[in-house]
Amino acid sequence: MKIHCLYRDFFLFLKMMNLEKDKWKAYRALYYDKHSELLSEVWLHYQGYTMKEIKKLALLIEKADYEAVENLLKVYDIEDNTKEIILRCKDLLHHQDLCSIYLFIGFSSPEAFILKYKKKYVICVGLEKFKSFHSYPVLLSYWFCNYVLSIRNSMFNGKTSEKLIRDGISVYFSKLAYPGYKECDYLFLKEEAYNYLKTHSDEIMQKTVIKPPHDALYYEDNEHNIYNTGPFLGYSLVVDYINQTGFNKLDQLLEHMNDIQETMVTQN
């Protein structure tokens, strides 16, 4: 396992930026240029920014905007906790290959995601939006399962059904790895959003769409609230399959991913 703590250089930039006349030059020298391969892959290819947009966003950076997450990281040892979570997940999934995790500060990055980087899959964690690390074990275990499924079955091929099953099994795994959290935590939803999706489940599947740049699944209600529905719908499908077959062990679900997908296609 290799944990790359890029965020440390970002906070070094925050300390130094007011001492420099050219904020962009300081940003590049202290942060971007040091990690340009990974950050370029994330921002230019995964998120779809241009260099002009990156420069504009960098010039808007204010130290006060990152004080909350910096203070959180002073009391939450994210490197040690990441290591502990990944080791637990490796044992549960019987996956002992090298895993690389990149902890960075970006621009409205997803809290975590899988990236194809230098011909290998890696896990990225964008720290800028974290308000708490209470559910970090759930988040990271979910994405580690997604990461393993990406390696075993190749990355998402464009089929909504495949992505849903992958999301659903990853939710199921995170519940096994870290029981005791609220249901909405496992589905990355606020409680109010979770309750809304439960009461509108009949229409969600039909109105859920894949949106770039992250190819996530989204549903928009009549009041224009947008929800990430992949984990919610995928987990519902996995639970339905478990109820139908009695296959409730993780190894069984991994072995029967195609069957779960076929069940979903038949139902629709």
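Reader: In which helix do R166 and E162 lie, and how many residues apart are they?

Author: Glad to start there, with the note that this is a predicted model. R166 and E162 are both in helix α8, and four residues, about one turn of the helix, lie between their positions in the sense that they are four residues apart.

Reader: What makes R166 and E162 a salt bridge?

Author: The rule asks for a side-chain nitrogen of Lys or Arg within 4 Å of a carboxyl oxygen of Asp or Glu. For R166 and E162 the closest N and O atoms are 2.9 Å apart, so the pair meets the rule. In general, side chains of opposite charge can pair when their charged atoms come close.

Reader: Are R166 and E162 buried or exposed, and how do you know?

Author: Buried means under 20% relative accessible area. R166 has 4%, so R166 is buried. E162 has 10%, so E162 is buried as well.

Reader: Why is the contact of K163 with D167 called a salt bridge?

Author: Its closest N and O atoms are 3.8 Å apart, and the limit is 4 Å, so K163 and D167 count as a salt bridge. Both residues belong to helix α8, four residues apart, which is about one turn of the helix. K163 is buried, and D167 is buried too.

Reader: What about K175 and E183: what makes them a salt bridge, and are they buried or partly exposed?

Author: Their side chains meet at 2.8 Å, N to O, which is within 4 Å, so the pair qualifies.

Reader: How many salt bridges does the rule give?

Author: The count comes to ten salt bridges.

Reader: Where is S174, and why is S174 called buried?

Author: S174 sits in helix α8, residues 160-177. Its relative accessible area is 0%, and buried means under 20%, so S174 is buried. Along the chain, S174 and Q244 are 70 residues apart, and their C-alpha atoms are separated by 22 Å.

Reader: Let us turn to the surface. Why is L19 called exposed?

Author: Exposed means over 50% relative accessible area, and L19 has 65%, so L19 counts as exposed. L19 is placed in the loop between α1 (7-16) and α2 (23-32).

Reader: What is the phi of K119, and how do you know whether K119 is buried or exposed?

Author: K119 has a positive phi of about 70° although K119 is not a glycine. K119 is found in the loop between β3 (112-117) and β4. With a relative accessible area of 79%, K119 is over 50% and therefore exposed.

Reader: What volume does the largest pocket have, and which residues are closest to its centre?

Author: The largest pocket has a volume of about 1,600 Å³. It is lined by 48 residues, and the closest to its centre are P110, E111, L139, F188 and N228. Helix α7 (residues 136-153) gives the largest share of that lining, seven residues. By class, the lining has 26 nonpolar, eleven polar and eleven charged residues.

Reader: Which element gives the most to the lining of the second largest pocket?

Author: That is β4, with three residues. The second largest pocket holds about 210 Å³ of space. Its lining includes L98, Y117, K118 and I151. By class, this lining has seven nonpolar, one polar and two charged residues.

Methods
Residues are numbered from 1 along each chain as its sequence is written. This is a predicted model: local features need pLDDT of at least 70, side-chain atom pairs count only at pLDDT 80 or more; totals for chains, interfaces and linings use all residues. Side-chain values use heavy atoms; hydrogens and water are left out. Helices (H or I, at least four residues) and strands (E, at least two) are DSSP runs, numbered from the N terminus. Buried means under 20% relative accessible area, exposed over 50%, partly exposed in between (1.4 Å probe, protein chains only). On a 1 Å grid over the protein atoms alone, a cavity is a set of points where a 1.4 Å probe fits but cannot get out, and a pocket is an open set with protein on both sides within 12 Å along at least five of seven lines; lining residues have an atom within 4 Å of a point. Grid points are joined across faces, edges and corners, and a volume is the space filled by probe spheres set on the points. Ala, Val, Leu, Ile, Met, Phe, Trp, Tyr, Cys and Pro count as nonpolar, Asp, Glu, Lys and Arg as charged, and the others, Gly among them, as polar.
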